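Hi,

Here is the structure I promised to pass on. Please open it alongside this email; my notes follow below.

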Amino acid sequence: MNDISKQNIKTLVKLQEAETQIVRLKSVLEKVKKEKEKLSGQLKQFGNALEENKENLLSDRTACKDIEREIQVVDDRIIKSNEKLRMVKTNKEYQLFLREVDDNKKRKDALETELLEYLDEKEKTEAIVQESEKEYHLLKDQIEGEQKDIEKKSTDDRELLDEYLTRQKEIGKNLDPSLMTRFVKISKMNKGSAVVNVKNEVCMGCFMNIPPQLYIEVQRGNSLISCPQCSRILYYINT
Ligand SMILES: [Zn+2]
């Protein structure tokens with residue numbers, strides 16, 4: 001019975017060593033994932049801004065075309081009115097077509113002014129799009145490079161994590177399933193720390209004192225003792 005207990009403690013300590021590495025590596029990999037996501041987010045945000053500028057450019061171009069088309073229509077009207085003007089017979093008709101020409105000319109002037117404003121706007125947007133396209137590609141290259149670096153660095157960690165997970169499974173085979181369940185439960189409760197050392201009557205998990213009688217029992221190692229404060233399984237190494 002006592003030997004089984006001592007063996008169990010040894011196994012649990014090994015299990016804990018693997019667990020500590022697993023928790024550490026998972027945290028490192030989680031940070032890596034977040035960093036990659038942050039970088040992707042930055043690129044996406046920049047891409048969205050670029051898309052918005054492109055849409056603005058498209059609407060500026062459409063506006064320019066619409067105005068140019070309207071100017072063409074007004075021009076045609078001016079030509080027709082001028083033709084009619086040449087063939088008028090009465091003064092009343094003459095005045096009427098003259099006003100028609102005049103109105104259309106005014107309309108054309110207004111449209112041309114508007115067109116100039118839109119052309120100006122379009123030019124500015126074109127410059128912005130060109131500039132941000134360049135910046136976007138630079139940023140994309142940079143971010144993809146950084147992500148590749150991060151990925152490369154975390155490959156080792158991922159392999160190591162797999163190794164520890166396999167090792168933990170192997171170690172776990174030597175434990176009673178109920179003890180394994182207990183280990184998993186305590187580990188979950190304490191962020192990956194289920195089995196801890198006791199030094200000078202202090203639990204190295206929660207750093208609280210444990211009763212002297214319990215300390216003696218831990219030192220003997222004849223049974224599995226849990227810390228009364230944090231429930232971690234306690235062990236003692238004689239150093
Ligand atoms: Zn404790």
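H1 and H2 cross in a left-handed sense. Left-handed here says that the near helix is turned anticlockwise from the far one by less than a right angle; clockwise would be right-handed. The two helices pack at about 165 degrees, with their axes 5 Å apart. That makes H1 roughly antiparallel to H2, since angles over 145 degrees count as roughly antiparallel, under 35 as roughly parallel, 65 to 115 as roughly perpendicular and the rest as oblique. Axes are lines fitted to C-alpha atoms, for helices over the stretch in contact, and angles run from 0 to 180 degrees between N-to-C directions.

Before you read on: this is a predicted model, where local features need pLDDT of at least 70 and side-chain atom pairs count only at pLDDT 80 or more, while totals for chains, interfaces and linings use all residues. Residues are numbered from 1 along each chain as its sequence is written.

**Helix H2**

H2 covers residues 91–172 and bends by about 30 degrees at Ser154. The bend is the angle between axes fitted to the seven residues ending there and the seven starting there. Its buried residues are Asn104, Tyr118, Tyr164 and Ile171. Buried takes 20 or more other C-beta atoms within 10 Å of the residue's own, exposed 12 or fewer, partly exposed anything in between; C-beta atoms are placed from the backbone. Helix H1 (2–86) is among what covers those buried residues.

**Whole chain**

There are four helices and four strands. These are DSSP runs, numbered from the N terminus: helices (H or I) of at least four residues, strands (E) of at least two. Their order along the sequence is α-α-α-β-β-α-β-β. The C-alpha trace spans about 130 × 35 × 30 Å along its principal axes. Of the 239 residues, 13% count as buried.

**Two loop residues**

Most residues other than glycine have a negative phi. Phe207 has a positive phi of about 60 degrees. Phe207 sits in the loop between strand E2 (202–203) and helix H4 (212–220). It counts as exposed because it has 11 C-beta neighbours inside 10 Å. Ser231 also has a positive phi, near 70 degrees. Its loop runs between strand E3 (225–226) and strand E4 (233–235). Ser231 has 16 C-beta neighbours inside 10 Å, so it counts as partly exposed.

Best wishes

Methods
Contact = placed C-beta atoms within 7 Å.
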